[in-house]
Every structure is written in C-alpha cells, then in structure tokens.
Amino acid sequence: MKAFISQMMNGKTPEEIKQNTERITNIILAKFPDAEIIDTYVSDFESLETKNKSIYCLGESIIKIAEADIAVFDTDWYKARGCRIEHAVAKEYGIKSFEISVENDYLIWTAN
C-alpha cells in the first residue's frame with residue numbers, strides 16, 4: 001500500500017517539513033505497518049526556474065498522488081490551497097482519505 005501525505009509547507013523550513021513528515025509517517029505506520037510513504041518533498045524548491053514554484057510543486061504532487069492507495073491530510077490541511085486541491089483530487093478519483101486528529105495524532109477516515 002502506498003500512502004500520500006498532504007501537509008502545509010508554505011512558511012516552513014526544510015527541517016520543519018521533514019520533522020512533520022516523520023511525525024505523519026509514524027502515525028500512518030501505526031495503522032498500516034506495511035505502508036510505503038510516497039516522497040512529496042521538493043528539495044530544490046529555491047532553485048526551480050519557473051514562474052510559479054508553488055504551482056510546479058502542486059503539479060508534482062498530483063503526479064505522485066496518482067500512485068497512492070491512500071491519502072493522509074495533516075491537521076489544518078484545509079487552510080492551504082495546495083492541500084485543498086490535493087484533497088479534491090483524492091476525492092474525485094476515489095483515493096481513500098484520512099485526516100490526522102488534532103488532539104490525538106491518529107487517523108480519521110474521511111468519507112469520499
């Protein structure tokens with residue numbers, strides 16, 4: 001099973017993003033021990049030569065979500081336009097989705 005992680009990245013340092021990815025990965029693996037996490041981090045973001053780096057990264061994420069069996073959305077995902085678009089893609093294409101509980105860091109199935 002392949003798992004796609006959607007999280008807000010705008011305004012976060014690479015270290016913060018990596019730490020949050022690790023936290024989410026641990027939550028996923030607690031429920032799905034055999035899950036393979038799809039790497040969605042664009043490490044060369046600052047050096048991208050494109051007019052809109054955020055749209056470029058979103059396009060890369062949509063390519064990667066195409067491989068996912070499940071999509072996991074971090075707390076407050078709905079505050080980030082890229083996450084909202086990823087959520088819409090998952091819903092429209094029938095990818096089983098989960099949200100992370102704010103209080104307990106566990107997965108909540110989102111009916112799509």
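**In what order do the elements of the protein chain run from the N terminus on?** They run β-α-β-α-β-α-β-β, which comes to three helices and five strands. Here helices (H or I, at least four residues) and strands (E, at least two) are DSSP runs, numbered from the N terminus. This is a predicted model, in which local features need pLDDT of at least 70 and side-chain atom pairs count only at pLDDT 80 or more, while totals for chains, interfaces and linings use all residues. Residues are numbered from 1 along each chain as its sequence is written, and side-chain values use heavy atoms, with hydrogens and water left out.

**View 1. The whole protein chain.** Of the 112 residues in the protein chain, 37% are buried. A residue is called buried under 20% relative accessible area, exposed over 50%, and partly exposed in between (1.4 Å probe, protein chains only). The accessible surface comes to about 7100 Å², and carbon and sulfur atoms account for 50% of that. Such areas come from the Shrake-Rupley method with a 1.4 Å probe; for residues, only the protein chains shown count as cover. Now look at contacts, meaning heavy atoms within 4.5 Å. Among those between residues at least 6 apart in sequence, 62% join residues at least 24 apart.

View 2. Helix α2 covers residues 53–65, which is 13 residues. From first C-alpha to last it reaches 18 Å, close to the 18 Å expected at 1.5 Å a residue; the expected span is 1.5 Å times one less than the number of residues. Find C57, L58, S61 and I65, which are buried in α2. Seen down the axis, the buried residues of α2 fall within an arc of 105°, so they line one face of the helix. The arc is that of the directions from the helix axis to the C-beta atoms.

**View 3. Helix α3, end to end.** The 12 residues of α3 should span 16 Å at 1.5 Å a residue, and its end C-alpha atoms are 16 Å apart, which agrees. Its buried residues are C83, E86, H87, V89 and A90. They cover an arc of only 160° around the axis, which puts them on the same side of α3. After α3 comes G94, whose phi is positive, near 70°.

**View 4. Inside the largest nonpolar core.** A nonpolar core is a set of buried Ala, Val, Leu, Ile, Met, Phe, Trp, Tyr and Cys residues joined through side-chain atoms within 4.5 Å. The largest has 12 residues, including F4, I65, A71, V89 and I95. β3 and α3 each supply at least two residues of this core, and α3 gives the most, with three. Apart from it lies another core, of 11 residues, among them I5, I24, I27 and F98. Not counting residues up to four places away in sequence, A71 touches F4, I65, A90, I95, K96, S97 and F98.

**View 5. I38, a core residue in a loop.** I38 belongs to the largest nonpolar core and is found in the loop between β2 and α2. At 12% relative accessibility, I38 counts as buried. I38 and A68 are 30 residues apart along the chain, yet their C-alpha atoms are separated by 7.6 Å. Beyond its neighbours within four places in sequence, I38 is in contact with K2, A3, F4, K64, E67 and A68.

**View 6. Aromatic rings in pairs.** The structure holds three aromatic pairs. Rings of Phe, Tyr and Trp (its six-membered ring) pair if their centres lie within 6.5 Å; planes under 30 degrees apart count as stacked, over 60 as edge-to-face and the rest as tilted. The rings of F32 and F98 have centres 5.6 Å apart and planes at 65°, so the pair is edge-to-face. This pair links distant parts of the chain, 66 residues apart: F32 sits in the loop between α1 (14–31) and β2 (36–37), and F98 in strand β4 (residues 96–100). F32 counts as buried at 18% relative accessibility, and F98 is buried with a relative accessible area of 3%. For F73 and W77, the ring centres are 5.5 Å apart and the planes at 55°, so the pair is tilted.
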